[in-house]
Amino acid sequence: MDGTSTSSEDTNGSTDSKGAEGHGKKPFKRSKSHFADRITVDGRDGWPVAADRYRLVASRACPWASRALVSRRLLGLEDALSLAVTDPIQDDRSWRFNLDPDDRDPVLGIRYLAEAYEAREKDYTGGVSVPAIVDVPSGRLVSNDFQQMTLDLATEWTDLHRAGAPDLYPEPLREEIDEVMEGVYRDVNNGVYRAGFATGQSEYEQAWHDVFRRLDLVSERLADRRYLVGETITEADIRLFTTLVRFDPVYHGHFKCNRSKLAEDPVLWAYARDLYQTPGFGDTVDFDHIKRHYYQVHSGINPTGIVPLGPDLANWLSPHHREQLGGRPFGDGTPPGPVPAAEEVPPAGRP
């Protein structure tokens, strides 16, 4: 992680709207997760794994929160870890529950995620970020550590996984997975933000070159293999996917990552569509939330707040032919079941 933020960008890449107009005016540097407690089998941080105790708060707009949404679906944790989805548009208190009746989360009973932060730390004045896991009985924030959160879902919550859940972080491949994820995080996941929030030409150009250099390397890697590491979907694929799915709708234009579109790279475009069409990936994606959040919240970059109509989303459902490369998406496991009715992405957010 990169140390203390010097812009209004919070720990996870989702904006704190109290300073959203500052994006593109202050140097960008990603901050550390302030609350990094872990939920583990042995409860060593005071938070033992338990069904129905915790609530995941996520925005479908945010790529970092979307990692947790995908992981939760693939592992079948819907019944064990409940979900709160925030409004993609924030006000001066950041993430809010305006999608729920009475603008209040029905489980936590709060209007703003900030209230869970304040319950954890009195007089807290830092950024309010998603994903966040909240302890339901106390209403206190447990963690906003988006890097560790999904790894723990994969490795510490195993007793609550569905039958047939895939191993998203297989121990024999962890060193390679970590190496791949580190490069993708630095140059792609975080690189698009460094480009989009750059305050000078040279800063922007360096980030732009980093993004496309890494995308080229990843494209070469995926030319003859279906997944990034091994023969099955892993955490590495989840982390790359959540940036790729936002690339053409947002990062290409809004963040000026415009050497080429995702759809112009035959390998990456097919890879992204393969994952999108895999249960657990595309069924968590809300393109409407994604576009409205970036274009309406980042007023320093897009002061008019106009949300573009394109690109056409229908091609996300077109054949990708990646199955010809072999691989087994879920290894010895099975696909997740249907999306719970209450968690289905509305038609406006789907192709």
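A nonpolar core here is a set of buried Ala, Val, Leu, Ile, Met, Phe, Trp, Tyr and Cys residues joined through side-chain atoms within 4.5 Å, where buried means under 20% relative accessible area, exposed over 50% and partly exposed in between (1.4 Å probe, protein chains only). The model is predicted, with local features needing pLDDT of at least 70 and side-chain atom pairs counting only at pLDDT 80 or more, while totals for chains, interfaces and linings use all residues. Residues are numbered from 1 along each chain as its sequence is written, and side-chain values use heavy atoms, with hydrogens and water left out.

**Stop 1: the core.** Select Val57, Leu113, Leu228, Leu240, Phe247, Phe255 and Trp316: of the 97 residues in the largest nonpolar core, these touch the most other members. The top contributor to this core is α7, with nine residues. Helices (H or I, at least four residues) and strands (E, at least two) are DSSP runs, numbered from the N terminus.

**Stop 2: Trp316.** Keep Trp316 selected and show what it touches, contact meaning heavy atoms within 4.5 Å. Skipping neighbours within four places in sequence, Trp316 contacts Leu244, Val245, Leu262, Trp269, Ala272, Arg273, Tyr276, Gln277, Phe287 and Pro351.

**Stop 3: two helices.** Now pick 235-251 (α7) and 266-276 (α8), which pack at about 105° with axes 10 Å apart. Axes are lines fitted to C-alpha atoms, for helices over the stretch in contact, and angles run from 0 to 180 degrees between N-to-C directions. α7 and α8 are therefore roughly perpendicular (65 to 115 degrees; under 35 is roughly parallel, over 145 roughly antiparallel and the rest oblique). On the α7 side, click Asp237, Leu240, Phe241, Leu244 and Val245; on α8, Tyr271, Ala272, Leu275 and Tyr276.

Stop 4: Most residues other than glycine have a negative phi, and most peptide bonds are trans. Go to Val130 and Pro131: the peptide bond between them is cis, with omega near 5°. Pro131 sits in the loop between α2 (114-120) and β3 (132-135). Another cis bond joins Gly310 to Pro311, with omega about -5°, and Pro311 is in the segment after α9 (287-297).

Next, select Asp52, a non-glycine residue with a positive phi, near 70°, in the segment before β1 (54-58). Asp52 counts as exposed because its relative accessibility is 60%. Finish at Ser94, in the loop between β2 (82-85) and α2. Ser94 has a positive phi of about 75° without being a glycine, and at 1% relative accessibility it counts as buried.
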